[in-house]
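Here are my notes on this one, as promised. Have the viewer open while you read.

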Amino acid sequence: MKVEALSPTNGDYQLKDYSDTYHSFDWKEVEREFSWYETGKVNLAYEAIDRHAETFRKNKVALYYRDASRNEKYTFKEMKEESNKAANVFKSFGDVEKGDRVFIFMPRSPELYFAVLGAIKLGAIVGPLFEAFMEGAVKDRLEDSEAKVLVTTPELLERVPVNELPALKHIFLVGENIEEDEKYIDFLSKMESADPHAQIEWVERTDGLILHYTSGSTGKPKGVLHVHNAMIQHYQTAKWVLDLNEDDVYWCTADPGWVTGTSYGIFGPWLTGTSNVIVGGRFKPENWYKTIEDFGISVWYSAPTAFRMLMGAGDDVVKKFDLSSLRHVLSVGEPLNPEVIRWGMKVFNLRIHDTWWMTETGAQLICNYPSMDIKPGSMGKPIPGVKAAIIDDQGNELPPNRMGNLAIKKGWPSMMHTIWKNEPKYQSYFMPGDWYVSGDSAYMDQDGYFWFQGRVDDVIMTSGERVGPFEVESKLVEHPAIAEAGVIGKPDPVRGEIIKAFVALRDGYETTDELKEEIRQFVKKGLAAHAAPREIEFRDKLPKTRSGKIMRRVLKAWELDLPTGDLSTMED
Ligand code: WTA
């Protein structure tokens with residue numbers, strides 16, 4: 001297939017074309033920009049905030065925050081003080097020490113960011129939870145991580161089964177009129193009287209920083225542990241790929257419950273001393289364009305599903321706003337359709353730059369960076385210092401234009417450190433030859449561009465969110481009417497994929513639309529709205545292997561009218 005490349009829109013970019021040199025890039029060059037290169041001890045929160053508060057950036061706005069009821073800004077100096085206060089509050093009232101897990105379960109607000117940074121300053125491991133999680137999802141994560149401290153709101157507390165979480169010692173509540181006792185602490189009132197000076201806990205570069213739970217095709221969500229060393233790549237990709245410069249106003253639309261919302265919603269922008277815009281509340285096309293106009297956003301990082309929704313809202317909406325501040329637009333999370341790139345050229349007169357990475361990889365790896373030609377539909381090329389390849393199931397590198405496993409050579413700085421309490425799972429990502437195997441299938445063309453083809457496993461990407469079919473199936477079979485359930489991702493023009501559930505009922509239940517709705521609500525209330533199946537189909541029986549494993553591959557083939565392939569392992 002012939003594709004037309006889009007050349008860079010003119011600009012002076014931080015990453016020049018490096019095609020000849022990238023294999024020799026040495027990440028140590030980046031380390032030398034931080035003082036910990038000499039001291040050996042590090043703390044990401046210091047590098048992201050305090051460091052700038054000691055320079056000309058002291059009074060520069062670090063955080064612009066806006067939602068329906070708040071409109072605030074904080075300079076780097078104020079962020080330093082607020083995060084110091086949070087650190088002191090956690091230390092005095094939550095007993096937080098290095099290595100403790102501090103989980104944060106609340107909607108976006110300035111306090112969420114103070115809490116994240118404050119906990120990191122104490123050397124604690126932060127666990128951000130998406131605000132839409134319901135009880136089952138919250139419990140799994142707090143239980144597995146043995147979180148000692150939770151920061152949440154009185155409303156969300158209802159979804160925390162506190163009595164079933166013996167490790168959870170202290171709960172900080174962010175809200176009004178909090179009744180306190182030993183366990184429940186009023187975060188805001190404690191913040192008011194806290195000391196704005198704090199002692200930073202200097203840690204090793206391999207000490208824990210953040211724990212993101214993410215889904216695989218089997219088992220419960222797993223805790224991907226990242227360490228302070230990852231900041232090298234957060235910082236450098238914020239320069240190279242986000243192309244953040246001193247005067248930029250940056251907006252990442254992702255929630256910190258997902259890795260994009262931390263690596264590039266917190267760490268990357270602040271490590272580079274950039275003004276960072278955070279907006280709370282729900283998605284609405286008008287509000288989004290207004291955000292760009294009001295703050296003068298110059299660099300914008302979002303997701304294909306959001307761009308497709310904006311595209312669906314029509315071009316007339318765009319014309320109502322002045323978007324001339326925009327300079328650089330990026331996307332992550334799922335394949336970025338060429339059609340969306342063409343739409344972006346039309347309405348913004350800018351290229352949308354696709355980037356590829358995963359929760360496990362901690363930071364961007366394969367990207368369209370601003371100085372290179374973009375081939376619409378391709379994820380781009382590996383960044384300097386990163387070697388990517390397509391390998392077969394034995395670990396052999398395949399030549400260009402052959403589809404296979406997308407793999408990365410071990411050794412990039414933001415690589416996950418382990419899977420929490422599950423070292424075998426961590427090891428299972430690797431193949432001989434020091435390859436990290438992503439679980440994505442792709443091919444590389446003759447020019448070294450990578451093209452995403454799909455997931456090798458059954459993981460579903462819906463509206464940019466990663467959902468494990470097993471988690472949804474497990475919730476479904478908890479419903480009294482359901483005997484068996486199989487869940488697949490079904491292609492969808494706006495959401496990438498939607499969740500479709502095939503369900504076999506227990507005797508005595510009728511296949512009604514009311515029951516479908518009830519099942520949908522059941523998953524929504526038990527897990528999260530984005531995990532609830534949009535489509536449910538009743539079947540008398542589900543295809544299973546003789547060992548009883550639901551064959552999602554067969555369900556998918558039925559759904560898409562594809563050949564079912566080898567059925568030799570199927571029962572009857
Ligand atoms: C998918 C999100 C196509 C992929 C940062 C990967 C993509 C999974 C792209 C990780 C892209 C991410 N094109 N697919 N540019 N970026 N993906 O852990 O399947 O939520 O394995 O991390 O998203 O999702 P995760």
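The points below cover the helix packing and then the ligand site.

1. Quick caveats: this is a predicted model, where local features need pLDDT of at least 70, side-chain atom pairs count only at pLDDT 80 or more, and totals for chains, interfaces and linings use all residues. Numbering starts from 1 along each chain as its sequence is written, and side-chain values use heavy atoms, with hydrogens and water left out.

2. Take α3 (residues 44–53) against α10 (residues 259–271): they pack at about 50°, axes 9 Å apart. Axes here are lines fitted to C-alpha atoms over the stretch in contact, with angles from 0 to 180 degrees between N-to-C directions. In contact terms (heavy atoms within 4.5 Å), L44, E47, A48, I49, R51 and H52 of α3 meet F267, W270 and L271 of α10. By class, that contact has six nonpolar, one polar and two charged residues.

3. Helix α3 also packs on α5 (residues 110–121), where the axes come within 8 Å and cross at roughly 125°. On the α3 side A45, I49 and D50 meet L117, I120 and K121 of α5.

4. Now the ligand: 18 residues surround it, the closest being D354, T355, T359, R455 and R466 (a heavy atom within 4 Å counts as near). An oxygen atom of the ligand sits 2.5 Å from a side-chain N or O atom of R466. For R455, a polar side-chain atom is 2.7 Å from a ligand oxygen atom.

Note on methods:
Helices (H or I, at least four residues) and strands (E, at least two) are DSSP runs, numbered from the N terminus. Ala, Val, Leu, Ile, Met, Phe, Trp, Tyr, Cys and Pro count as nonpolar, Asp, Glu, Lys and Arg as charged, and the others, Gly among them, as polar. A polar contact is a pair of N or O atoms within 3.5 Å; within protein, one must be able to donate a hydrogen and the other to accept it, and residues adjacent in sequence count only if both atoms are side-chain atoms.
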